[in-house]
Amino acid sequence: MKLFALSLLMAAGAAPAQTPAPAPALPLALHFSQSPPLHYADSRGVLTGHVARPAIAALKAAGIPFQVRQTPAKMQLVLMQDGQEPACMLGWLQTPERERTGKFSEVVYEDKRPFALTWSGNTAMHDEEPLKDTLTDKNLRAVVNRGASYGVAIDRGLLRYKTTTIPTTADTQQLLDMLRRHSIDYFFITEEELEEAVKASGYPASHYKRIYFSDLYKGYERRLWCSKSVPDETFKRLNAAIVRLRK
């Protein structure tokens with residue numbers, strides 16, 4: 001009966017059914033991990049931080065709908081390898097390896113000058129020497145986080161000088177404890193991260209010593225690391241907004 005009625009309508013010249021409107025684009029997933037003061041959820045659960053604030057402002061200025069998701073850094077790497085979800089990850093440093101799985105936005109935040117942190121009184125490490133002097137010293141016990149980048153200069157130096165390192169998945173609090181026990185000599189960290197970490201540790205800042213390098217002045221450039229599923233047009237709008245707001 002339904003087939004007969006449909007035949008009558010077509011015979012009478014009824015207008016064909018309209019093509020359904022395309023489904024609205026999915027909101028961009030904005031992933032972050034707890035890394036104060038760069039990006040973190042505050043006491044109200046609202047995403048904030050030196051990197052988060054300008055990134056969110058740029059997304060809003062570009063008119064890009066997004067959803068904030070708190071995701072561990074390891075899971076973010078898995079999502080980027082999969083690449084199916086239109087998503088951006090907050091605060092990652094640009095490296096050639098990461099460029100193969102995603103695309104990096106314009107810089108949303110530049111850290112202060114990076115340094116190595118050691119324990120106070122460590123006479124084997126000297127401030128304001130070339131980076132090479134530290135990286136080539138086989139007697140120093142350096143710790144690096146698995147999968148982390150410390151900026152192009154340090155990353156390349158670690159490879160070039162074949163620096164002996166101790167790979168770890170320890171968080172900053174655990175690394176600070178290792179320094180206090182003198183079980184390691186140093187690890188790389190930024191001023192922003194150290195300030196928050198020392199506060200949380202409950203130990204005096206005088207327990208630690210910063211080692212700056214005479215040939216390393218530029219801070220890390222924090223960007224949005226976006227999956228290739230993010231449309232090029234959306235990505236261009238995002239970058240334009242970042243550049244416009246940084247002026």
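Two strands count as paired if DSSP finds at least two bridges between them, and the strands and helices named here are DSSP runs (E of at least two residues for strands, H or I of at least four for helices) numbered from the N terminus. This is a predicted model, in which local features need pLDDT of at least 70, side-chain atom pairs count only at pLDDT 80 or more, and totals for chains, interfaces and linings use all residues. Residues are numbered from 1 along each chain as its sequence is written, and side-chain values use heavy atoms, with hydrogens and water left out.

**Sheet**
- A142 stands opposite Y186 in β11, and strand β9 (residues 142–145) runs parallel to β11 (residues 186–189), joined to it by 2 bridges.
- The open sheet has 5 strands in the order β10-β9-β11-β8-β12, with mixed pairing.
- β10 (165–168) and β12 (208–211) stand at the edges, each with a single partner strand, so one side of each lacks a neighbour in the sheet.

**Helices α2 and α9**
- In α2, A57, A58, L59 and A61 meet L238, A241, I242, R244 and L245 in α9, where contact means heavy atoms within 4.5 Å.
- The residues of this contact divide into 8 nonpolar, no polar and 1 charged, with Ala, Val, Leu, Ile, Met, Phe, Trp, Tyr, Cys and Pro counted as nonpolar, Asp, Glu, Lys and Arg as charged, and the others, Gly among them, as polar.

**Confidence**
- The protein chain averages a pLDDT (the predictor's confidence in each residue, from 0 to 100) of 89, and 90% of the residues score at least 70.
- Over residues 1–17 pLDDT stays under 50, and the model has 1 contact beyond four places in sequence for them.
- Where pLDDT is low, the predicted coordinates should not be read in detail.
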